[in-house]
Amino acid sequence: MSAVVSAADVRRSRVRLFIVTMLFLVTTVNYADRATLSIAGPALSKELHLDPVAMGWIFSAFGWSYVVAQVPGGWLLDRYGSRIVYAFSIIIWSLFTLMQGWVGFLSAGAAIVVLFALRLLVGVAEAPSFPANARIVAAWFPGNERGTASAFFNSGQYFATVIFAPLMGWIAHTYGWRFVFFVMGALGVIMGLVWLKTIYGPKEHPSINEAEFDYIKEGGALVDLDAPRDDQLRARAQESGSGWDHIRQLLSNRMMLGVYLGQYCINTLTYFFLTWFPVYLVKERGLSILQAGFVATLPALCGFIGGVLGGIISDAILRRTGSLTMARKIPIVGGMLLSMSIIACNYVEGQALVVGFMALAFFGKGIGALGWAVVSDTSPKEAGGVSGGLFNTFGNLSSITTPIVIGYILAATGSFNGALVFVGLNALVAAFAYLVIVGKIERVTLKRSS
């Protein structure tokens, strides 16, 4: 029997591994573009004379539009498919990133307004990205590989810092903060063009063979999900009701509400890291911007390792127990409790200890960052994009609140101590949401509207 299985494995193509690698690379560029402002922030704020509250509001600009555009972005994905919508998303957000480099040539007042507006536009353009990731994983991966695949692409957010924080720090130090935006914007445009040339759904991909297609389909992959021209999918979507009815049903589901709350709190850690963490290293710990870029790589690397490990652990538990609920909850809850170690940074002085506790916290956050696997597991077949958009709407409300709340904490106290407690308590609430509110994790079945 083992010889037969081995022969089948040899015959089976591995296109899905290329697909998830592309998701990982695009997510890495995505998060690097979000973090451009945090790397350029210290020099930019000095040149434009911005106080912490003003910086907090500029940091939050991305989040306002990103949140508002989530559900419309999900609808576009369900209507037109991930390949085309995602490609336009990548290219457009990269152009707006590039344009941020030009604000330094404006007067201070005009520069602030234009920078805020461009960050809003980046948020709109990036909105379809993670719902598209979840749809593509649901379409390309069987259930027992979905946790690892989701964790792998999601870990791109940490890898972005590992690779690009030192690079952007060096660019800002050597050439000035404007060139951070120029370089990252150009890189994103190139990535969007590569995406168009290489990404297709399982039914259309020229390199997939029958053995792999049968394997992923029999394992629960929704191979029709990213084929919007499929007449059966359109009919099924019409039978189950409108997009607003889908949203109503998802918002009345206790499991999904617990998942939404958990993701909001998990993303609080993410957005502290993307916005205020480099500033924390420079202002509170006395590092230069170049040093901060390099120091930020260790927590990011630990987050990346934790992210990949969380997916592997989750899928291993699923194979051993057959319980999707246990497989997703154990890493999420354990990882979030470990993330509370960020509070310990308030009680140590040495830079090595601070970085160590930050690394431990982001390792835990990586392990627990399985929200997109849960979305792939639970989204109704006829509303995968809307479901992902709704999930990301709630999750990214923290992209608005986190930088603003921390900005006010800094203005009121002159210290990051309260900010780190705020971030750590969010990790505790995330663990509570999955332990108490979520209940059994299973795919949502939408009811037909009358």
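I started with a helix pair: H3 passes H14 in a right-handed crossing. (A crossing is right-handed if the near helix is turned clockwise from the far one by less than a right angle, left-handed if anticlockwise.) The model is predicted, so I kept to its limits: local features need pLDDT of at least 70, side-chain atom pairs count only at pLDDT 80 or more, and totals for chains, interfaces and linings use all residues. Residues are numbered from 1 along each chain as its sequence is written, and side-chain values use heavy atoms, with hydrogens and water left out.

I then checked the geometry. The axes of H3 (residues 52-68) and H14 (residues 254-284) come within 11 Å and cross at roughly 160 degrees. That makes H3 roughly antiparallel to H14 (an angle over 145 degrees). Axes here are lines fitted to C-alpha atoms over the stretch in contact, with angles from 0 to 180 degrees between N-to-C directions. Helices are DSSP runs (H or I, at least four residues), numbered from the N terminus.

Which residues of H3 meet H14? I found Pro52, Met55, Gly56, Phe59, Phe62 and Tyr66 in H3 against Tyr271, Thr275, Trp276 and Val279 in H14. Contact means heavy atoms within 4.5 Å.

Next I searched the whole structure for salt bridges and got 6. The cut-off is a side-chain nitrogen of Lys or Arg within 4 Å of a carboxyl oxygen of Asp or Glu.

One of them joins Arg16 and Glu145, with the closest N and O atoms 2.9 Å apart. The pair links distant parts of the chain, 129 residues apart: Arg16 is in H2 (residues 15-48) and Glu145 in H8 (residues 143-154). Arg16 counts as buried at 4% relative accessibility, and Glu145 counts as buried at 19%. Buried means under 20% relative accessible area, with a 1.4 Å probe and protein chains only.

I moved on to Asp377. Arg146 forms a salt bridge with Asp377, closest N and O atoms 3.7 Å apart. Arg146 lies in H8 and Asp377 in H19 (residues 371-378), so the pair ties together parts 231 residues apart in sequence. Arg328 also meets Asp377 in a salt bridge, at 2.7 Å from N to O. Arg328 sits in H17 (residues 324-339), 49 residues from Asp377. How buried is Arg328? I read 0% relative accessibility for Arg328; Asp377 is buried too, at 5%. Salt bridges that share partners join Arg146, Asp315, Arg328 and Asp377 into one network.

Note on methods: Helix = DSSP H or I, 4+ residues; strand = E, 2+ residues; numbered from the N terminus. Buried < 20%, exposed > 50% of the residue type's maximum accessible area, 1.4 Å probe, protein only. Parallel < 35°, antiparallel > 145°, perpendicular 65-115°, else oblique.
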